[in-house]
Amino acid sequence: MTPDIVETVNVAREIAWLPWAVQYFFLIGLSYGAWLVSLPGLVFRRRGWEGISRLALLAALLCGLTAPVALLADLHQPGRFWHFYAYFTPTSWMSWGAFFIPVYLTGLILYAWLAFRPALARHADEGGRLAGLARTLAYGGHESRKALVAAALLTFVGAALVALYTGVEVMLVRARPLWHTPLLPVQFFVTALAGGLGLALVFNRALPGGGDPAATRRMAVALALTQLAALLVGAAWLVLGLSGMSPVHAQALAEVAPSANWKVSAVWAVVATVVTLALAVRRPGSGLLIGLLALHSAWMMRWTIFIGGQEVPKTGAGYYSYQLPLGPEGLMGIVGTAGLWIFLFVVLTTLLPLDRIGRAERVGA
């Protein structure tokens with residue numbers, strides 16, 4: 001009998017989650033991560049955190065306003081976003097996310113307005129730029145302590161829901177073992193917090209005189225803890241994969257281990273994290289450098305997981321090859337989102353200058 005010949009055809013598919021998705025997960029992570037950094041100075045009134053907490057709130061607001069634009073673009077047909085509300089699907093985390101994001105943004109905007117009201121009023125009284133508009137927005141400029149705490153609670157609920165859904169909706173993809181791990185939402189959160197700290201450090205360094213050195217050192221300590229946590233989470237994933245205690249982690253490791261690109265990315269990620277940790281501990285005054293490194297790590301982690309993860313085929317052998325296109329679904333899209341972020345930064349810091357936001361004074365003082 002002539003043996004049968006079985007031919008396996010491997011079909012290359014276009015990636016489903018484009019760089020728009022990376023930008024959304026990056027920006028929304030920075031937003032709720034930076035918002036958490038605003039709490040010590042604005043809600044808990046920890047001495048020495050007042051200025052850096054307001055800078056962190058500015059970072060949270062900028063990233064929070066920009067992130068939904070990237071999300072809408074990732075829908076491929078942005079005008080159909082209303083389908084999430086008209087055809088709600090309780091079993092879809094993405095469908096739930098359409099409700100979680102407005103909760104977070106509503107709380108964030110209200111919280112930011114209440115926190116910046118006194119600074120807006122003082123800026124108007126001193127005859128700063130756009131003083132008339134600043135006075136109108138300040139609406140008297142009084143500190144509303146109870147309202148601020150209430151807005152913080154609402155924002156916390158929204159931030160927790162956003163952090164949960166952005167991690168779980170990726171983790172639940174069983175067809176990709178690399179994503180199907182409970183460690184992924186944890187790593188998303190840890191790197192988001194690190195990125196939020198990093199962006200606040202960059203803003204602090206941009207202040208006249210290089211910002212508050214004491215605040216920089218405090219932030220460096222916090223950033224070092226996030227980098228240590230990131231290394232521990234990565235080590236846990238590796239141990240689960242190598243030991244075989246978790247078949248999913250072992251399969252994920254087996255899928256990426258033969259790839260030279262993945263090995264380079266893994267080494268790069270570990271080195272960048274270790275360097276950031278070492279600098280934060282040994283040179284806590286290097287706020288700009290460790291801040292930029294933290295932002296780099298937060299972006300790299302999401303790009304590797306989303307884009308690199310889709311290069312691993314669900315079926316078949318080998319790896320798909322992805323090249324960043326130059327059009328709106330690639331490089332121009334990234335540049336456009338960055339341009340929107342810069343535009344919002346210019347608008348907000350024209351209305352309320354960065355040095356006013358970062359000035360180390362108590363709100364309402």
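## Helices and the position of Phe81

Helices, as named in this report, are DSSP runs of H or I with at least four residues, numbered from the N terminus. The structure described is a predicted model. In this model, Phe81 is located in the loop that lies between helix H2 (50-74) and helix H3 (83-86).

Phe81 has a relative accessible area of 39%.

## A nonpolar surface patch

Phe81 also belongs to a nonpolar patch on the surface.

## The largest pocket

Rolling a probe the size of a water molecule over the atoms shows where empty space is left. The largest pocket in the model has a volume of about 900 Å³. Its lining consists of 34 residues, and those closest to the centre of the pocket are Gln187, Gly234, Trp237, Ala266 and Ala269. Two or more lining residues are given by each of helix H7 (183-205), helix H8 (213-243), helix H9 (247-256), helix H10 (260-282) and helix H11 (287-310).

Helix H8 provides the largest share of this lining, with nine residues. By class, the lining of the largest pocket comprises 23 nonpolar residues, ten polar residues and one charged residue.

## The second largest pocket

The second largest pocket holds about 440 Å³ of space. A total of 21 residues line this pocket, and Leu71, Leu72, Leu75, Phe84 and Ile101 lie nearest its centre.

At least two lining residues come from each of helix H1 (19-42), H2, H3, helix H4 (93-125) and helix H6 (145-171). The largest share of the lining of the second largest pocket is that of H4, which supplies six residues. The lining of the second largest pocket divides into 17 nonpolar, two polar and two charged residues.

## Ile101 in helix H4

Ile101, one of the residues nearest the centre of the second largest pocket, is part of helix H4. The relative accessible area of Ile101 is 9%. Since a residue under 20% is classed as buried, Ile101 is buried.

Ile101 and Trp262 are separated by 161 residues in sequence. In space, the distance between Ile101 and Trp262 is 32 Å, C-alpha to C-alpha.

Conventions. Residues numbered from 1 in each chain as written. Predicted model: local features only at pLDDT ≥ 70, side-chain atom pairs only at ≥ 80, totals over all residues. Heavy atoms only, no water. Patch = residues over 30% accessible without salt bridge, like charges linked within 9 Å, V, L, I, M, F, W, Y side chains within 5 Å. Areas by Shrake-Rupley, 256 points an atom, 1.4 Å probe, with all protein chains shown as cover. Salt bridge = Lys/Arg side-chain N within 4 Å of Asp/Glu carboxyl O. Buried < 20%, exposed > 50% of the residue type's maximum accessible area, 1.4 Å probe, protein only. 1 Å grid on protein atoms, 1.4 Å probe; cavity = no way out; pocket = protein on both sides within 12 Å on 5 of 7 lines; lining within 4 Å. Points joined across faces, edges and corners; volume = space filled by probe spheres on them. Nonpolar A, V, L, I, M, F, W, Y, C, P; charged D, E, K, R; others polar.
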